[in-house]
Amino acid sequence: MTDDFYCDEALSGRTPVRVVAETDEVLAFHHTRPFWPVHIVVVPKRHVPSLVDLGAAAEPVLHAVLAVVRQVAADVTREHGACRVLTNLGRYQDSKHLHFHVNSGMPLRPETD
């Protein structure tokens, strides 16, 4: 596997995901190895390296991703009372594909880093 789980596995269909929301440009799904009780990942359907490196993508793809992040975050907050939204960069970004985590609850296991 390369360093892009989202293109190689989730978006290709090789790893099945439970979809939460989907548009022509964006997919939101339950994390395949959740770190929190509620753990949803939002990704662009085309490869975008990170929040600070959009690669060949233009700003509108970032706007499309953030619109879905906002929708999912509002739904999680409504259902669970609170949520976190985070993205990682550099060595903290395991998969080199822009993605946002929308999560709620206490960690299910200790952090390893």
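**Close-up 1. The His97 side chain makes a polar contact with the His47 side chain at 3.4 Å.** A polar contact is a pair of N or O atoms within 3.5 Å; within protein, one atom must be able to donate a hydrogen and the other to accept it, and residues adjacent in sequence count only if both atoms are side-chain atoms. The model is predicted: local features need pLDDT of at least 70, side-chain atom pairs count only at pLDDT 80 or more, and totals for chains, interfaces and linings use all residues. Residues are numbered from 1 along each chain as its sequence is written, and side-chain values use heavy atoms, with hydrogens and water left out. His97 sits in the loop between β4 (84–86) and β5 (100–104). Helices (H or I, at least four residues) and strands (E, at least two) are DSSP runs, numbered from the N terminus. His97 is buried, at 0% relative accessible area. Buried means under 20% relative accessible area, exposed over 50%, and partly exposed in between (1.4 Å probe, protein chains only).

**Close-up 2. Surroundings of His97.** Neighbours within four places in sequence are set aside here. The residues in contact with His97 are then Asp4, Tyr6, Cys7, Leu11, Val43, Pro44, Arg46, His47, Val48 and Pro49. Contact means heavy atoms within 4.5 Å. Cys7, one of these residues, is partly exposed at 26% relative accessibility.

**Close-up 3. Glu22 and Lys45 meet through their side chains in a salt bridge, 2.7 Å from N to O.** Glu22 belongs to strand β1 (residues 19–22), and Lys45 to the loop between β3 (38–44) and α2 (59–80), so the pair ties together parts that are 23 residues apart in sequence. A salt bridge is a side-chain nitrogen of Lys or Arg within 4 Å of a carboxyl oxygen of Asp or Glu. Glu22 is exposed, at 52% relative accessible area. Lys45 is partly exposed, at 31%. A search of the whole structure gives three salt bridges.

**Close-up 4. Asp75 pairs with Arg78 in a salt bridge.** The closest N and O atoms are 2.5 Å apart. Both residues lie in helix α2, three residues apart, so about one helical turn separates them. Asp75 is partly exposed at 34% relative accessibility. Arg78 is exposed, with 63% relative accessible area.

**Close-up 5. Arg14 forms a salt bridge with Glu9.** Here the closest N and O atoms lie 3.3 Å apart. Arg14 is exposed at 61% relative accessibility, whereas Glu9 is buried at 9%. Side chains of opposite charge can pair when their charged atoms come close.

**Close-up 6. Leu51, Val52 and Leu89 form a nonpolar surface patch.** Together they have about 250 Å² of accessible area. Patches are made of residues with over 30% relative accessible area and no salt bridge; like charges are joined within 9 Å, and nonpolar side chains (Val, Leu, Ile, Met, Phe, Trp, Tyr) within 5 Å. Areas come from the Shrake-Rupley method with a 1.4 Å probe; for residues, only the protein chains shown count as cover. Leu51 lies in the loop between β3 and α2. Leu51 is partly exposed, at 34% relative accessible area.

**Close-up 7. Pro16 and Thr32 lie 8.5 Å apart, C-alpha to C-alpha.** In sequence, 16 residues separate the two. Pro16 is in the loop between α1 (5–10) and β1. Pro16 is exposed, with 68% relative accessible area.
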